[in-house]
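Please look at the structure first, then read the points below.

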Amino acid sequence: DKGNFRHFMAKEIHEQPEVIGHTLSRYIDFGTRKASVPGIETAGFDKISRVIISACGTAYYAGLVAKYWFEKYARLPVEIDVASEFRYRETPVSEDEFALFISQSGETADTLASLRYCKQNGARIGAVVNVAESTIARESDVVFQTIAGPEIGVASTKAFTCQLAVLAALAVQAGRIRGVLSEEQESELVGALAEIPGYAVQALKREVEIERLSQSLSKAPNALYLGRGTNFPLALEGALKLKELSYIHAEGYAAGELKHGPIALIDENMPVFVIAPYDGIYSKTVSNMQEVAARGGRIVLLTDARGAAESGNAADDVVIMPDVPEIAAPIVYALPVQLISYHTAVFMGTDVDQPRNLAKSVTVE
Ligand code: F6R
């Protein structure tokens, strides 16, 4: 049932404040402001030498965000790869490692094969899955379920943000277990996570503006997405969503990589989406925007009020997001990124809930 929405995808985008809240309530304690992930002992965060993450598509991008979090908040080295490569790499895996597999369906063939490879090599196995009875869930030592509810649209939306919510709680609790985060730091981070449903509601209020921007984008043959830090994986996600839904060719890049090649693509016909909340490296992103602007590229900047004020007028359009703590940013900024591809696809007249050539669950290799 699509309710009042035209597509399942729109309904699922709008469900996010609620389902992120449901998911968070399983993994953080809103009262004590502590992460409290059921089954976390199985991961052995106090003993392991490394976290291995493997997944496909959008779930892989959730893992890429988590890599930044595990490194920063828990000082844990992270190895991450797409499952279709990881499973064949013959990479060394050992018993003092925790391997984490992320999958909405819990049935993705390559992700399952990566899981089995790590299991055979003695690693502890954890899974972030949405479907509790899935094969990946069954074969894991510990399951961290996302409470996104059934996702019908082929493109992953609410599953992605719920995966991020679980991974953020895991990284914060790992940080406490490993003695990296103080109680005050944990409480600040958990407090930030608790606010995400509210920020998501505010982010959805930008929809009319995004719809208008998407109408002009729907005439472009290509687009670029740029971001740094945890917003770099979001740039990759934005490009994937635009490709799969609207069939417009798009690429995501780490903003600092622009000058190493892709800047050659920039001209007046190239829309460039920059995902950049105001943070410690914001000024670097402003330099990248100026390089794009100097070559006539059309910049759409997703940032907060401070970022807008310090953007040096490089952007043609600015979507002003709520001011959010750093750990919340990739989750909150995922919403406008999803809305851009959704509305562009609607203008293009493509089949939003069932894009050509795609299946919801990829059980073939
Ligand atoms: C993109 C998308 C896919 C899936 C990928 C993994 O919108 O939906 O990239 O994320 O096929 O699927 P799961 O999470 O079921 O393993």
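## Ligand and pockets

A polar backbone atom of valine 154 lies 3.4 Å from an oxygen atom of the ligand. The model is predicted. The ligand sits in the largest pocket. The protein covers 89% of the 410 Å² of accessible area that the ligand has on its own.

- Serine 105 places a polar side-chain atom 2.7 Å from an oxygen atom of the ligand.
- Glutamate 244 has a polar side-chain atom 2.4 Å from an oxygen atom of the ligand.

**Shell around the ligand**

- The ligand is surrounded by 13 residues.
- The closest of these are Ser103, Gln104, Ser105, Thr108 and Glu244.
- Sorted by class, the shell holds seven polar, four nonpolar and two charged residues.
- At least two shell residues come from each of α3 and α11.
- α3 has the largest share of the shell, with three residues.

**Largest pocket**

- The volume of the largest pocket is about 590 Å³.
- Its lining is made up of 28 residues.
- Cys56, Gly57, Ala359, Lys360 and Val362 are the lining residues that lie nearest the centre of this pocket.
- By class, the lining of the largest pocket has 11 polar, 11 nonpolar and six charged residues.

**Second largest pocket**

- The second largest pocket holds about 250 Å³ of space.
- It is lined by 17 residues.
- Lys72, Thr230, Asn231, Asp279 and Glu326 are the closest of them to the centre of the second largest pocket.
- Here α3 gives the most to the lining, with four residues.
- The lining of the second largest pocket divides into nine nonpolar, four polar and four charged residues.

**Points to carry forward**

- Which element gives the largest share of the shell around the ligand? That element is α3.
- α3 also gives the most to the lining of the second largest pocket.
- Which pocket does the ligand sit in? The ligand sits in the largest pocket, with a volume of about 590 Å³.

Notes: Residues are numbered from 1 along each chain as its sequence is written. This is a predicted model: local features need pLDDT of at least 70, side-chain atom pairs count only at pLDDT 80 or more; totals for chains, interfaces and linings use all residues. Side-chain values use heavy atoms; hydrogens and water are left out. On a 1 Å grid over the protein atoms alone, a cavity is a set of points where a 1.4 Å probe fits but cannot get out, and a pocket is an open set with protein on both sides within 12 Å along at least five of seven lines; lining residues have an atom within 4 Å of a point. Grid points are joined across faces, edges and corners, and a volume is the space filled by probe spheres set on the points. Ala, Val, Leu, Ile, Met, Phe, Trp, Tyr, Cys and Pro count as nonpolar, Asp, Glu, Lys and Arg as charged, and the others, Gly among them, as polar. A residue is near a molecule or strand if one of its heavy atoms lies within 4 Å of it. A polar contact is a pair of N or O atoms within 3.5 Å; within protein, one must be able to donate a hydrogen and the other to accept it, and residues adjacent in sequence count only if both atoms are side-chain atoms. Accessible areas come from the Shrake-Rupley method with a 1.4 Å probe; for residues, only the protein chains shown count as cover. A molecule sits in a cavity or pocket if more than half of its atoms lie within 2 Å of its grid points.
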